[in-house]
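Subject: Structure handover

Hi,

Here is the structure I promised you. Please open it alongside this note, and my findings follow below.

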Amino acid sequence: MGTMSDELVHPERDEIRIEAVLHALADPVRLHLVREMDRIGVGVACGAIELPVTKSTRTHHLRTLREAGVIRMRKEGTSRIGTVRRDDLDARYPGLLTAILSAEN
């Protein structure tokens, strides 16, 4: 069993708030991350998506997305695998994620 610091906290579906989702997706780097994760469609190692930011900044962006309920993260060996919580977001806010991800920059 892992320590508390090893556990990644995710909001339950009914705890996902529109304000947090919109805030998380308003940042261009986070929006790019989610677009790429959604395009790939399966869990992706978080370091595999090219970003013009430092590792610590990447970690911050991923934490913001996870805490908002936009992505789910799981540990797999030494990697963290991220997936978009499309089912949860579509259930809470039908069409929102599709509209945001398909919007032109």
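Is the crossing of α1 and α3 left-handed or right-handed? It is left-handed. Please keep in mind that this is a predicted model.

Now the geometry of that pair. Helix α1 covers residues 18-26, and helix α3 covers residues 55-68. Their axes come within 9 Å and cross at roughly 155°. Angles over 145 degrees count as roughly antiparallel, so α1 is roughly antiparallel to α3.

Who makes the contact? From α1, the residues are Ala20, Val21, His23, Ala24 and Leu25. From α3, they are Thr64, Leu65 and Ala68. Six of the contact residues are nonpolar and two are polar. None is charged.

Which residues of α1 are buried? They are Val21, Ala24 and Leu25. These three cover an arc of only 90° around the axis, so they sit on the same side of α1. The other side of α1 has Glu19, His23 and Ala26, which are exposed.

The buried residues of α1 pack against several helices. Their partners are α2 (28-40), α3, α4 (86-92) and α5 (96-102).

One more residue to look at is Arg63. Arg63 lies in helix α3. Its relative accessibility is 36%, so Arg63 counts as partly exposed. Arg63 and Ile49 are 14 residues apart in sequence. In space, Arg63 and Ile49 are 15 Å apart, C-alpha to C-alpha.

Best wishes

How values were computed
Residues are numbered from 1 along each chain as its sequence is written. This is a predicted model: local features need pLDDT of at least 70, side-chain atom pairs count only at pLDDT 80 or more; totals for chains, interfaces and linings use all residues. Side-chain values use heavy atoms; hydrogens and water are left out. Axes are lines fitted to C-alpha atoms, for helices over the stretch in contact, and angles run from 0 to 180 degrees between N-to-C directions. Helices (H or I, at least four residues) and strands (E, at least two) are DSSP runs, numbered from the N terminus. Angles under 35 degrees count as roughly parallel, over 145 as roughly antiparallel, 65 to 115 as roughly perpendicular and the rest as oblique. A crossing is left-handed if the near helix is turned anticlockwise from the far one by less than a right angle, and right-handed if clockwise. Contact means heavy atoms within 4.5 Å. Ala, Val, Leu, Ile, Met, Phe, Trp, Tyr, Cys and Pro count as nonpolar, Asp, Glu, Lys and Arg as charged, and the others, Gly among them, as polar. Buried means under 20% relative accessible area, exposed over 50%, partly exposed in between (1.4 Å probe, protein chains only). The arc is that of the directions from the helix axis to the C-beta atoms.
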